[in-house]
Amino acid sequence: MTIRYEFDHKPEHGAIYPIADGVQWLRMPLPMVLEHINLWLLDDAHGFAIVDTGVNIEANRDVWENVFAGPMRDRTLTRVLVTHLHPDHVGCAGWLTREHDVE
């Protein structure tokens, strides 16, 4: 069986890659054999929403800080959504919501 990837390349950890109108892909590092998780930034009415957050470790909080200081610096975080309660999906949700005062 051959694995087919939709895109020719993947973003580096912490880099944002547009994949569709209003949808951006963010690869967040994981400190384990599965070395990344795919997260999504979605255009929202007055800014953008985050879907899944990465594990709550300093390296990932640093990635988020860079995202907010870099590519999303002129955008407002409107909400944080998590798809399920595994630590790699929900880990930084509390930190993000407190830092940006969102639900």
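Which residues does isoleucine 37 touch, not counting residues up to four places away in sequence? The legends below describe close-up views of a predicted model.

**View 1. Isoleucine 37 and its contacts.** Isoleucine 37 belongs to strand β3, which covers residues 36-44. Leu26, Arg27, Met28, Leu30, Gly54, Asp88 and His89 are the residues that isoleucine 37 touches, once residues up to four places away in sequence are set aside. Isoleucine 37 has a relative accessible area of 5% and is therefore buried, the limit being under 20%. Between isoleucine 37 and aspartate 52 the C-alpha to C-alpha distance is 8.9 Å, with 15 residues of separation in sequence.

**View 2. Aspartate 88, a buried residue with no salt bridge.** Helix α2 (residues 87-90) contains aspartate 88. Its contacts beyond neighbours within four places in sequence are Leu30, Ile37, Thr53, Gly54 and Val55. Aspartate 88 is buried, yet a salt bridge is absent.

**View 3. A patch of negative charge on the surface.** The patch is formed by Glu58, Asp62, Glu65 and Glu99. Helix α1, spanning residues 58-69, gives the most to this patch, with 3 residues. Glutamate 58 is located in helix α1. With a relative accessible area of 53%, glutamate 58 is exposed, because the limit for that class is over 50%.

Methods. Residues numbered from 1 in each chain as written. Predicted model: local features only at pLDDT ≥ 70, side-chain atom pairs only at ≥ 80, totals over all residues. Heavy atoms only, no water. Helix = DSSP H or I, 4+ residues; strand = E, 2+ residues; numbered from the N terminus. Buried < 20%, exposed > 50% of the residue type's maximum accessible area, 1.4 Å probe, protein only. Contact = heavy atoms within 4.5 Å. Patch = residues over 30% accessible without salt bridge, like charges linked within 9 Å, V, L, I, M, F, W, Y side chains within 5 Å. Areas by Shrake-Rupley, 256 points an atom, 1.4 Å probe, with all protein chains shown as cover. Salt bridge = Lys/Arg side-chain N within 4 Å of Asp/Glu carboxyl O. Lys, Arg positive; Asp, Glu negative; His and termini not counted. Charge placed at Lys NZ, Arg CZ, Asp CG, Glu CD.
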